[in-house]
Amino acid sequence: MRRSPGLTRREFVSSTSAAAAAAMMAPRSKTGAAEANDRMKVAFIGVGGRGGGNLRTLAATGQIDVAAICDVDSRFLDNAGELFPKAKKFRDFRRLYDEVGTQIDAAVVSTPEHVHAYATMPALRLGKHVYCEKPLAYNIDETRRITNAAADAGVVTQMGTQIHASENYHRVVELIQSGAIGSVSEAHVWVSRAWGLQSEAEAAANKDRLFVDRRPTDVMEPPSYLDWDLWLGPAPERPFHSVYFPGPNWYRWWDFGNGTMSDLGSHWNDLPYWALQLDAPRTVQAFGDPPHPEIAPASMTAVYEYGPRDDLPAVNLTWYQGTHKPDRWTAGEIPQWGNGVLFVGSKGMLLSDYRKHLLLPEDRFADFQPPEPFIPDSPGHHQEWILACRGVGTTGSPFSYAGPLTEANHLGNVAYRVGQKIRWDANKMVCLGCPQADPFIKRQPREGWSLT
């Protein structure tokens, strides 16, 4: 069974020993381009918003050269070009790979969700290291293809779940895995964000600037700075409208994203997925308003059943988004944090958010002494990727880990859209006895786009 990175003391000792040996040898990467004292040549695909943040953060390390930049929005492309005048500029990442693919060492992909796999796959096939924003890919089929391609390429990968590198997440994982609250049988994850189909009251409560409940029929010309056809990429063709662009508008629409689940699920479900060493769920069932054919839900619940993992017992993980919350939260039995992860064990509970955590009930753990830290502090989510590309250490969220996590998140939406409990065969990538789920697992890309 696959194990998440850095999970146990034994695995930590093994990984740090290997990292120390790698540091002394200063090996070349598989691309043969980046020794420990060299600067990596990196291509950035998507340089606005989150992509702009990745560009600035990685460039600020002083350890890379920005070799190429690409964006379908000329405003972002021009701004990045002013900052990095030596970088070659592209609107279409396919041209980028054709023209400079062999000259780069790595690629950073920060496009909208529906393009992630298509911008990532060429880099993997060229044997280049990849940093890709979350979620790893748009659907389960694309996610599995990218996961397998990364394994075949043998390169360094990292999904952009920056909070994975935080001290708080590390300490929570240590507490759970050292048995602080005993055997864990339940985990509950809730987020208040409601990117999806809302009622007018929900939209007002969330101060949402966009309230839409159907595909627009009016025609709008795309702005002059946007190449709408390239923005659509592999997604089904439709006319431009401001309800899709700019982000985060597109997250709501099934053709481009998967709502709150695929976005925040990548961050929040990451913690129990890591701490409990989860893999593929056996079953998933979702609850909420009837699914909309075009727009993801603002509020919903998904219940995952995971079987035993080696010496770990079966566990249920429940996801809540929008107005949905756990019963213990609603009853006031736990602090009513707006977002959180609750682990329920045989000896107590642990409540966490991004930055802090509590052992509950607090009086029971008043004299509790946490274990000595055994997960190493991260130099930073981006920095650990750079170091790993040079052969020093490993990344916290490689595609071998991020891929199965992404698949599990997508399964929550699959169960919601089919409206029934699904039984998942991870090897065959099918919901057993539920052929209506197939279109939500895999789709045919638009003509001119392919992952093969």
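Gln103 touches Lys41 and Lys88, leaving aside residues up to four places away in sequence (contact means heavy atoms within 4.5 Å). The model is predicted: local features need pLDDT of at least 70 and side-chain atom pairs count only at pLDDT 80 or more, while totals for chains, interfaces and linings use all residues. Residues are numbered from 1 along each chain as its sequence is written, and side-chain values use heavy atoms, with hydrogens and water left out.

**Confidence and overall make-up**

- The protein has a mean pLDDT of 90, with 88% of its residues at 70 or more; pLDDT is the predictor's confidence in each residue, from 0 to 100.
- Over residues 1-34 pLDDT stays under 50, and the model has 64 contacts beyond four places in sequence for this stretch.
- Where pLDDT is low, the predicted coordinates should not be read in detail.
- The protein has 15 helices and 15 strands; helices (H or I, at least four residues) and strands (E, at least two) are DSSP runs, numbered from the N terminus.
- Of the 452 residues, 57% count as buried, where buried means under 20% relative accessible area, exposed over 50% and partly exposed in between (1.4 Å probe, protein chains only).
- Among contacts between residues at least 6 apart in sequence, 71% join residues at least 24 apart.

- Gln103 sits in the loop between α4 (93-100) and β4.
- The relative accessible area of Gln103 is 45%, so this residue is partly exposed.
- Between Gln103 and Ala43 the C-alpha to C-alpha distance is 9.7 Å, and the two are 60 residues apart in sequence.

**Helix α13**

- Helix α13 (residues 381-389) is largely enclosed by the rest of the structure, because 8 of its 9 residues are buried.
- The buried residues of α13 are His381, His382, Gln383, Glu384, Trp385, Ile386, Ala388 and Cys389.
- Packing against these buried residues are the strands β1 (40-45), β2 (64-70), β4 (106-109), β5 (129-133) and β6 (157-160), along with the helix α2 (50-60).
- Gly391 follows α13 and has a positive phi, near 95 degrees.

**Helix α7**

- Helix α7 (residues 167-177) has 9 of its 11 residues buried, so α7 is largely enclosed by the rest of the structure.
- Asn168, Tyr169, His170, Arg171, Val172, Val173, Glu174, Leu175 and Ile176 are the buried residues of α7.
- The cover over these residues includes the helices α10 (259-268) and α11 (270-275), and the strands β7 (184-191), β11 (340-345), β12 (349-352) and β13 (357-360).

**Packing of α5 and α6**

- Helix α5 (residues 116-125) packs with helix α6 (residues 140-153) at an angle of about 15 degrees, and their axes are 10 Å apart.
- Axes here are lines fitted to C-alpha atoms, for helices over the stretch in contact, and angles run from 0 to 180 degrees between N-to-C directions.
- The two helices, α5 and α6, are therefore roughly parallel to each other; angles under 35 degrees count as roughly parallel.
- On the α5 side, Ala117, Tyr118, Thr120, Met121 and Leu124 meet Glu142, Arg145, Ile146, Ala149, Ala150 and Ala153 of α6.
- By class, this contact of α5 with α6 has 8 nonpolar, 1 polar and 2 charged residues, with Ala, Val, Leu, Ile, Met, Phe, Trp, Tyr, Cys and Pro counted as nonpolar, Asp, Glu, Lys and Arg as charged, and the others, Gly among them, as polar.

**Backbone exceptions**

- Most residues other than glycine have a negative phi, and most peptide bonds are trans.
- The peptide bond from Lys134 to Pro135 is cis, with omega near -15 degrees, and Pro135 lies in the loop between β5 and α6.
- Leu360 and Pro361 are joined by a cis peptide bond with omega of about -5 degrees; Pro361 lies in the loop between β13 and α13.
- Gln277 is not a glycine, yet has a positive phi of about 55 degrees.
- The loop between α11 and β8 (283-288) holds Gln277, which is buried at a relative accessible area of 9%.
- Asp310, also not a glycine, has a positive phi of about 50 degrees.
- Asp310 is found in the loop between β9 (300-306) and β10 (315-321) and counts as exposed at 60% relative accessibility.

Methods. Parallel < 35°, antiparallel > 145°, perpendicular 65-115°, else oblique.
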